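This briefing goes through one protein chain, topic by topic. Keep the sequence and the 3D view open while reading.

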Amino acid sequence: VIGRHQNPWEEVNVVKLKENDINLARRNSGGGTVYHDAGNLNLTFFTSRKHYNRKYNLELIAQAIVKEFGLKLTITPKFDILYNDFKVSFYTH
């Protein structure tokens, strides 16, 4: 999945995608290119701009992970989710 303004020929090996029957998608928002493999969980929060709260959305995710797996996560000032100083996942928009 590539971001809104990314050039697919610069971000991915288009020939390898085709050879391996991997689909390329573009999201409507910005951000870096990411690969979603089997078992990946991708979340989307639908709300108006007025009510959008990135930190609150990340806190919901962190709370669910703590509840389900007992992992203590940290949300950084740059809105990364960390587990033991390792980035867990990030793309919220």
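Contact here means that heavy atoms lie within 4.5 Å. The model is predicted. The chain has an average pLDDT of 85, and 95% of its residues score at least 70.

- Gln6 is located in the segment that comes before helix 1 (8–11).
- Its relative accessibility is 16%, so Gln6 counts as buried, the cut-off for buried being under 20%.
- Leaving aside residues up to four places away in sequence, Gln6 touches Glu11, Arg26, Gly31, Gly32 and Thr33.
- With Thr33 there is a polar contact between the two side chains, at 3.0 Å.

**Helix 3: length and ends**

- Helix 3 covers residues 54–69, which is 16 residues.
- At 1.5 Å a residue, a helix of this length should span 22 Å, and the C-alpha atoms at its ends are 22 Å apart, so the two values agree.
- At the start of helix 3, Asn53 places a side-chain oxygen within 3.2 Å of the backbone nitrogen of Lys55.
- After helix 3 comes Gly70, which has a positive phi, near 75 degrees.

- The buried residues of helix 3 are Asn57, Leu58, Ile61, Ala62 and Ile65.
- Viewed down the helix axis, these buried residues fall within an arc of 135 degrees, so they line one face of helix 3.
- Gln63 and Lys67 are exposed, on the other side of helix 3.
- Strand 1 (74–75) and strand 2 (81–83) are the elements against which the buried residues of helix 3 pack.

**The nonpolar core**

- Six residues make up the largest nonpolar core: Leu58, Ile61, Ala62, Ile65, Leu73 and Ile81.
- Helix 3 gives the most to this core, with 4 residues.
- In soluble globular proteins, nonpolar side chains tend to be buried together.

**Loop residues**

- Asp21 sits in the loop between helix 2 and helix 3. Its phi is positive, about 55 degrees, although Asp21 is not a glycine.
- Asp21 has a relative accessible area of 69%, so it is exposed, the cut-off for exposed being over 50%.
- Asp85 belongs to the loop between strand 2 and strand 3. Phi of Asp85 is also positive, near 70 degrees, in a residue other than glycine.
- With a relative accessible area of 72%, Asp85 is exposed.
- Ala38 is found in the loop between helix 2 and helix 3. Its relative accessibility is 79%, so Ala38 counts as exposed.
- Ala38 and Ala62 are 24 residues apart along the chain, and their C-alpha atoms are separated by 22 Å.

**Confidence by element**

- Among the elements of the chain, helix 2 (residues 14–19) has the highest mean pLDDT, 92.
- Strand 3 (residues 86–89) has the lowest mean pLDDT, 76.
- Where pLDDT is low, the predicted coordinates should not be read in detail.

Definitions and conventions. Residues are numbered from 1 along each chain as its sequence is written. This is a predicted model: local features need pLDDT of at least 70, side-chain atom pairs count only at pLDDT 80 or more; totals for chains, interfaces and linings use all residues. Side-chain values use heavy atoms; hydrogens and water are left out. Helices (H or I, at least four residues) and strands (E, at least two) are DSSP runs, numbered from the N terminus. The expected span of a helix is 1.5 Å times one less than its number of residues. Buried means under 20% relative accessible area, exposed over 50%, partly exposed in between (1.4 Å probe, protein chains only). The arc is that of the directions from the helix axis to the C-beta atoms. A polar contact is a pair of N or O atoms within 3.5 Å; within protein, one must be able to donate a hydrogen and the other to accept it, and residues adjacent in sequence count only if both atoms are side-chain atoms. A nonpolar core is a set of buried Ala, Val, Leu, Ile, Met, Phe, Trp, Tyr and Cys residues joined through side-chain atoms within 4.5 Å. pLDDT is the predictor's confidence in each residue, from 0 to 100.
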